[in-house]
Amino acid sequence: MNRVAVIVPTLRRPDGLADALASLMAQQGVADVLGEIVVVDNDREPSARAVAERFQGQAFPVVYVHEPTVGVASARNAGLAATEAPLIAFLDDDEIASPGWLAALLATQASTGADVVFGPIRGRAPEAAADVRPYLEAFFGRAGPASDTLIDHPFGCGNSLMERATALPGPAPFEVRWDQSGGEDDALFAALSARGGRYGWSAAAWVDEVAPAHRANLGYALSRAFAYGQSPSQAAWAKRDMAGVVKWMAVGALQLAGWGLVALPLTLLRRPGRARALDRAVRGLGKILWMPGLEPRFYGASELQRLDRAGT
């Protein structure tokens, strides 16, 4: 019974994709329910085909899809179009699933009835500078409750399991206007929350997320922190809640001022604590500078440019 498919979007990360697929082939306890692993090659040219084909004929079927429209939402939608499975798991191409990952997500979904289930992530940044590595590994990680439970807020798509009928309605549930900046999952979950959707946490569904070299640095993490800071102000604006916008901008101003004062001497002295203080200050700045057009771009053409600069 092919109850679940795993979708792995990828963009020019052959080594990361190979590690992700190897971890999926080693999944335990899901032989009777895992119908296919869908690899979505989101490069303009089909650069991931050889890696995907290397894993075909192994423990689980691999479906290769080339989506040349470069963007995170387009890639996720293309993966969904390639499978009819009623349950959809997402694993990113920089994530390595533990052997019991998918079985744990499925068990939690069955016990909680959640529309979306998330699992913990252990961040790894082996190529980062030693003084900022602890911050970066925490930044790329994800923590949650010690046991399976319903939770009151969503996380990102990576390391998740979704009920297709309720969480992923329609042929293209991810809005392509978020292709370049990301946030397609935030929009998806905001709509699900408005419909009364429920979220679950699977404490045993561990993955490791290995930050690639061009992301394992303080500048990249702070730009992501700025974008995260924009989210509450943008959400209030989307609801035309002007009082909420003003509130979050005021919160951001206080956050920027307070943490900025902490971050300044730590940065001048290059103390390890500067990264966390800068993170909080930058999130405050994001709450102030939330306006459309100011969103950093992490995906699509911008990611290709970063990869080109990195020589990959």
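What covers the buried residues of H7? The cover includes helix H3 (72-81), strand E6 (116-118), strand E9 (160-163), helix H6 (164-167) and strand E10 (199-201). Please keep in mind that this is a predicted model.

- Helix H7 spans residues 184-194, and its buried residues are Glu184, Asp185, Ala187, Leu188, Phe189 and Leu192.
- Just after H7 comes Gly196, which takes a positive phi of about 85°.
- Helix H3, which is part of the cover over H7, also holds Ser74.
- Ser74 counts as buried because its relative accessibility is 9%, and buried here means under 20%.
- Setting aside residues up to four places away in sequence, Ser74 touches Glu67, Thr69, Val176 and Asp179.

**Nonpolar cores**

- In soluble globular proteins, nonpolar side chains tend to be buried together.
- The largest nonpolar core here has 36 residues, and the members that touch the most others are Val6, Ile37, Leu91, Trp101 and Leu102.
- At least two residues of this core come from each of strand E1 (4-10), helix H1 (14-25), strand E2 (34-41), helix H2 (49-55), strand E3 (62-66), strand E4 (87-90) and helix H4 (101-112).
- Helix H1 gives the most to this core, with six residues.
- Take Leu102 as an example: beyond its neighbours within four places in sequence, Leu102 is in contact with Val4, Val6, Gln27, Val30, Leu34 and Ala89.
- Another core, of 26 residues, lies apart from the largest one, and its members include Val38, Ala85, Met162 and Phe174.

**Salt bridges**

- The count comes to eleven salt bridges.
- Asp43 forms one of them with Arg12, and the closest N and O atoms are 3.1 Å apart.
- Asp43 is in the loop between E2 and H2, and Arg12 is in the loop between E1 and H1, so this pair ties together parts that are 31 residues apart in sequence.
- The relative accessible area of Asp43 is 5%, so Asp43 is buried, whereas Arg12, with 23%, is partly exposed.
- Asp92 forms a salt bridge with Arg76, where the closest N and O atoms are 3.9 Å apart.
- Because Asp92 sits in the loop between E4 and strand E5 (95-97) while Arg76 sits in helix H3, the pair ties together parts that are 16 residues apart in sequence.
- Both Asp92 and Arg76 are buried.
- Asp131 and Arg274 also meet through their side chains in a salt bridge, at 3.0 Å from N to O.
- Here Asp131 belongs to the loop between strand E7 (121-124) and helix H5 (133-139) and Arg274 to helix H10, so the pair ties together parts that are 143 residues apart in sequence.
- Asp131 counts as partly exposed at 28% relative accessibility, while Arg274 is buried with a relative accessible area of 6%.
- A network of salt bridges links Arg13, Asp93 and Asp94.

**Aromatic pairs**

- Ten aromatic pairs turn up in a search of the whole structure.
- In the pair of Phe155 and Trp201, the ring centres are 5.5 Å apart and the planes are at 50°, so the pair is tilted.
- Phe155 lies in the loop between strand E8 (149-151) and E9, and Trp201 lies in strand E10, so the pair ties together parts that are 46 residues apart in sequence.
- Phe155 is partly exposed at 22% relative accessibility, whereas Trp201 is buried at 1%.
- Ring pairs link Phe118, Phe155, Phe189, Tyr199 and Trp201 into a cluster; of these, Phe189 is also one of the buried residues of H7.

**A nonpolar patch on the surface**

- Which residues form a nonpolar patch on the surface? They are Leu264, Leu268 and Leu269, and together they have about 350 Å² of accessible area.
- Leu269 lies in the loop between helix H9 (242-268) and helix H10 (274-288).
- With a relative accessible area of 57%, Leu269 is exposed.

Note on methods: Residues are numbered from 1 along each chain as its sequence is written. This is a predicted model: local features need pLDDT of at least 70, side-chain atom pairs count only at pLDDT 80 or more; totals for chains, interfaces and linings use all residues. Side-chain values use heavy atoms; hydrogens and water are left out. Buried means under 20% relative accessible area, exposed over 50%, partly exposed in between (1.4 Å probe, protein chains only). Helices (H or I, at least four residues) and strands (E, at least two) are DSSP runs, numbered from the N terminus. Contact means heavy atoms within 4.5 Å. Patches are made of residues with over 30% relative accessible area and no salt bridge: like charges are joined within 9 Å, nonpolar side chains (Val, Leu, Ile, Met, Phe, Trp, Tyr) within 5 Å. Accessible areas come from the Shrake-Rupley method with a 1.4 Å probe; for residues, only the protein chains shown count as cover. A salt bridge is a side-chain nitrogen of Lys or Arg within 4 Å of a carboxyl oxygen of Asp or Glu. A nonpolar core is a set of buried Ala, Val, Leu, Ile, Met, Phe, Trp, Tyr and Cys residues joined through side-chain atoms within 4.5 Å. Rings of Phe, Tyr and Trp (its six-membered ring) pair if their centres lie within 6.5 Å; planes under 30 degrees apart count as stacked, over 60 as edge-to-face and the rest as tilted.
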